[in-house]
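The structure comes first, and the notes follow by topic.

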Amino acid sequence: MIPLTLAEIAAAVDGTLHGGDPQARVTGTVEFDSRKIGTGGLFVAFAGEKADGHDFAPAAAAAGAVAVLGTRPVPELPTIVVADPLAAMARLARAVLDRLDTTVVAITGSSGKTTTKDLIGGLLSGLGPTVAPPGTFNNELGLPYTALKADADTRFLVLEMGARGIGHIKDLCEIAPPSIGVVVNVGVAHIGEFGSVEGIALAKSEIVQALPADGLAVLNGDDPRVAAMAGVTAAPSVLVGQAENADLRAVDVVLDERGRPSYTVVRGGESARVELGLTGAHQVGNTLLAAAVALRCGMPWAELPAELARLRAVSTRRMDVFDRADGVTVIDDSYNANPASTAAALRALHTLGGAGQAGRRTVAVLGYHAELGPAERDGHAEVGALAATLGVGLLIVVGESAAPILDGAASVRHWEGESVLVSDQSAAIGVLRERLRSADVVLVKGSRYRTWDVVDALRETRALAGASDGDGHR
């Protein structure tokens, strides 16, 4: 954060300073975890159901914090007292951004937000100092927390914006007004909270409605609901994708044996061949969105192919492909799941398995897909049907809530694969221990119910007995 006095912070958040010198300055980061506080930092104390952040003020003071932002004074440090620390963080973030000459890039979508944010951050970092931390910080806490990482040197601030209802993205845009808005897609993720896909599209469109007339809307031209958002923004729009009307278009897409795409990117009369180091056909669209942002921000066309080629996954547990010593390949996409992202992952699994051409056996470990509401059963069944259609050799479904995946798979005639329903992650690990074979390709995917425990077991080279020569018990 830019250096600010306690008096300036108190004014920005409409708070009252208790104790300390009003001219003392915060020169470090703003943190709500006392373990991350360093010299010159500001500690934000939240009073939760299980823990009260004010109780950690001594630890923050010992780590070098200058002050606390909380709901009551603490004896260890000067305290800026406010009614709502979360709202105060939002006001502070806006006050900081209002003082900076920084291009704010905001990204939303039903799936792929974090990956696209990482790709944009990777490209922009070559053009100037960029804040785009790995991971998912896309809500009313994570967004101001990320924005407060910007300082006077920051040229680009890349923010992910999520929503659980109408108006959420609008509120986030008021904290950090974007000059470039990116919409990845509109799908059924969180449909249980929105009620309809149309409601989701309306919520996502808030990001482009917030753009100024001299901004830019970067839209997925392959998604009709996203492309239609060009009509609700005051900013000019760029459509990207494989559609014929895309302003930035990918043609001649080819996947290699590791599922890494290459394509020719076309803009007007210009074209260039791009070879990605990322896995999954869906990365074509993600990288086009990132490319459109980078071109707007000053990246020369001639440098674009090489810059796209160097991009790699940044945030963990998102299409992370690794090989074990026994020949098993694992796709760790276990961070979260919805039907669209699982479909993309299953297609990547199909490619790595040899696309059904007498290749390697494919194994899909699929967990529950949350927040689908009335579409829950159909959403899971569609995932299962796709897995069977793509010829998954072994389908392991984790948890009774995900059981409709099996029904979907069973509905596909002539599917020759095997399926099993297990109670939890430990049981899934047990099945893999017994049945995994050398050279299998395994996808692990599910909503955030510790599905990644399966991946962690797979990373242990001796964890699964059946995958090599039978000596893999731990």
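A residue counts as buried when its relative accessible area is under 20%. Cys297 has 10% relative accessibility, so Cys297 counts as buried. The model is a predicted one.

**Cysteines**

- The whole structure contains zero disulfides.
- Cys173 takes part in no disulfide, and the nearest cysteine sulfur, in Cys297, lies 16 Å away.
- Seen from Cys297, the closest cysteine sulfur is that of Cys173, and 16 Å is too far for a bond, because a disulfide needs two cysteine sulfur atoms within 2.5 Å.
- Cys173 is also buried, with a relative accessible area of 5%.

**Strand S11 and its partners**

- Strand S11 spans residues 180-183; Ile180 and Val182 point one way from the strand, Gly181 and Val183 point the other way, and all are buried.
- Strand S8 (residues 103-108) pairs with S11 in the parallel sense, over four bridges.
- Within this pairing, Gly181 in S11 has Ala106 opposite.
- S11 also runs parallel to strand S12 (residues 216-220), joined by four bridges.
- Here Leu219 in S12 stands opposite Val183.

**Packing of helices H4 and H10**

- Helix H4 (residues 113-124) packs against helix H10 (residues 283-296) at an angle of about 40 degrees, and the two axes are 9 Å apart.
- H4 is therefore oblique to H10.
- The crossing of the two helices, H4 and H10, is right-handed.
- On the H4 side the contact includes Thr115, Thr116, Leu119 and Ile120, and on the H10 side the residues include Gln283, Asn286, Leu289 and Val293.

- An open sheet of six strands has the order S17-S18-S22-S19-S20-S21, with mixed pairing.
- Strand S17 (320-323) and strand S21 (418-422) are at the edges; each has a single partner strand, so one side of each has no neighbour in the sheet.
- From one strand to the next, the twist averages 15 degrees.
- Strand S20 (residues 394-398) pairs with S21 in the parallel sense over five bridges.
- Leu421 in S21 is the bridge partner of Val397.
- Helix H15 (residues 425-435) lies across S20, S21 and strand S19 (362-366), and runs at about 160 degrees to S20.

Key. Residues numbered from 1 in each chain as written. Predicted model: local features only at pLDDT ≥ 70, side-chain atom pairs only at ≥ 80, totals over all residues. Heavy atoms only, no water. Buried < 20%, exposed > 50% of the residue type's maximum accessible area, 1.4 Å probe, protein only. Pairing = 2+ DSSP bridges. Axes fitted to C-alpha atoms, helices over the stretch in contact; angles between N-to-C directions. Parallel < 35°, antiparallel > 145°, perpendicular 65-115°, else oblique. Left-handed = near helix turned anticlockwise from the far one by under 90°. Contact = heavy atoms within 4.5 Å.
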